[in-house]
Structures are given as structure tokens and as C-alpha cells.
Amino acid sequence: MKKIFFSIIIISIAFQSNAQFLNSIGITAGAGLGNQKFYFTDPLAISKKKYVPVLNGSIFAEFFTRDYVRWVTEIQYDEKGSIDKQSDKSYPNKLRYLSWNNYLKFRYELFNIIPYIMIGPKLEYPLVQGVTSPAVTGKFLPLHVSGAFGGGIEFVSYGNVKFFVEGFYNPDLMPAYIRPELHVRNINFELRIGLKYEFVGKKETCNTPTYVE
């Protein structure tokens with residue numbers, strides 16, 4: 001399954017690089033808060049856990065040179081989890097994922113900054129499962145899908161290297177853990193900073209009058 005996951009990522013990036021114009025590449029690093037919801041079936045109940053600090057980091061490629069719409073594809077290391085606080089004890093849960101993210105990016109250029117919003121799915125593969133909640137008795141799914149909704153600000157500069165800050169809300173779109181008696185969904189709030197190298201800037205045009213003798 002791991003080999004299949006990496007093969008899909010490599011093929012997709014290669015296809016996109018050939019099929020459409022590569023605008024920029026970059027890296028991000030950040031931190032946030034993770035939480036989980038436990039959905040019990042017998043009896044029916046929803047248990048929301050306590051937040052836990054999480055880290056993330058990524059490499060990405062941005063496609064298209066349009067003013068208002070871009071496509072971003074990204075490989076991300078992403079931590080998730082919670083604190084399961086019960087009457088007698090607190091149980092820390094920490095999951096480490098490798099995810100493949102694809103976003104539509106809607107942007108608007110101002111004089112000093114470029115605000116934008118991003119939305120898209122994340123395909124997530126668990127690298128490490130460090131879950132101590134007594135209710136969790138098996139493995140989390142080898143692949144599951146979450147959604148990312150957020151935005152950021154890119155700071156205008158005259159060079160090819162651009163700096164930006166972003167924030168995301170990242171809820172699971174399907175359970176990450178499925179058993180007949182229990183489903184678990186992850187929820188993350190992420191803040192991150194990044195640098196990107198832009199290959200081609202805006203082309204300036206100059207209209208020169210033509211004189212006819």
C-alpha cells in the first residue's frame with residue numbers, strides 16, 4: 001500500500017509538470033492544535049477530546065500563471081491527535097501522517113500583499129500511530145481523506161523568492177478509524193509560514209508607437 005501511495009504521488013506530479021505550466025516550488029513549516037471526535041455506536045454518543053499541540057511541514061509546487069486562480073499540489077508531514085481525558089487518567093493520542101494535498105487557490109493582487117484562499121482534499125497515510133485511548137483497539141485506516149479550508153497572505157517582493165503565512169482548518173471528511181463500535185475523526189487547526197521560488201514573474205508590456213511614412 002505504501003509503494004502504491006508513493007507511485008500515485010510521483011506520477012501525478014510528473015503529469016502535472018508536463019501538462020501545465022509550473023509557476024513555483026516551495027516549502028512550509030508550522031504548528032497548530034489537533035483534536036478528535038469519538039463516535040460510539042452502543043450506546044450512541046459523541047465524545048470530543050482535548051486539544052494537543054501538533055507540527056507540520058511540506059514541499060509543494062504551484063501551477064498556472066493566472067492572476068486569480070492557481071493549483072497547488074503538496075506533500076506534507078502532518079501530526080494529528082488529542083488528549084483523551086477521563087475521570088481517572090489522561091490518555092495522549094498522537095498520529096503522524098504523510099499526506100498528498102491538492103488545493104485550488106484563489107488570489108487577488110494588491111500593492112504590497114497578495115491575499116488568497118485555498119480549498120481542497122488531502123489523501124492521508126499514517127506513518128506512526130501513538131494512540132493510548134482504551135477505546136481504540138486496532139489500527140487507523142491505511143488511507144483516508146480529509147479537507148483543508150484556509151487562506152493566507154503572500155508578501156510582494158521584487159526577487160524570485162516570496163514569503164507567505166497561511167492558516168488552515170483541516171477536518172476529516174471520512175472516519176480515520178472504523179470499527180463497529182467506534183469511529184474516530186481528526187480535526188486540525190494549522191498555522192504555517194513558507195517560502196517559494198517563483199520561476200517567472202509578470203511580464204511587462206511596452207507599447208511603442210509605429211510611424212508610417
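Modeller: Before we start, a salt bridge here is a side-chain nitrogen of Lys or Arg within 4 Å of a carboxyl oxygen of Asp or Glu. This is a predicted model, where local features need pLDDT of at least 70, side-chain atom pairs count only at pLDDT 80 or more, and totals for chains, interfaces and linings use all residues. Residues are numbered from 1 along each chain as its sequence is written, and side-chain values use heavy atoms, leaving out hydrogens and water.

Colleague: Thanks! How many salt bridges does that rule give?

Modeller: The count comes to 13.

Colleague: What does Lys105 pair with?

Modeller: Lys105 forms a salt bridge with Glu62, with the closest N and O atoms 3.0 Å apart. Lys105 sits in strand E5 and Glu62 in strand E3 (residues 52-63), 43 residues apart. Strands (E, at least two residues) are DSSP runs, numbered from the N terminus.

Colleague: Are Lys105 and Glu62 buried or exposed?

Modeller: Both are buried, meaning under 20% relative accessible area with a 1.4 Å probe, protein chains only.

Colleague: Why does Arg192 count as buried?

Modeller: Because its relative accessibility is 3%. Glu74 also counts as buried, at 1%.

Colleague: Switching topic, what does Ala176 touch?

Modeller: Leaving aside residues up to four places away in sequence, Ala176 contacts Tyr97, Phe140, Leu141, His144, Val184 and Asn186. Contact means heavy atoms within 4.5 Å.

Methods: Helices (H or I, at least four residues) and strands (E, at least two) are DSSP runs, numbered from the N terminus. Buried means under 20% relative accessible area, exposed over 50%, partly exposed in between (1.4 Å probe, protein chains only).
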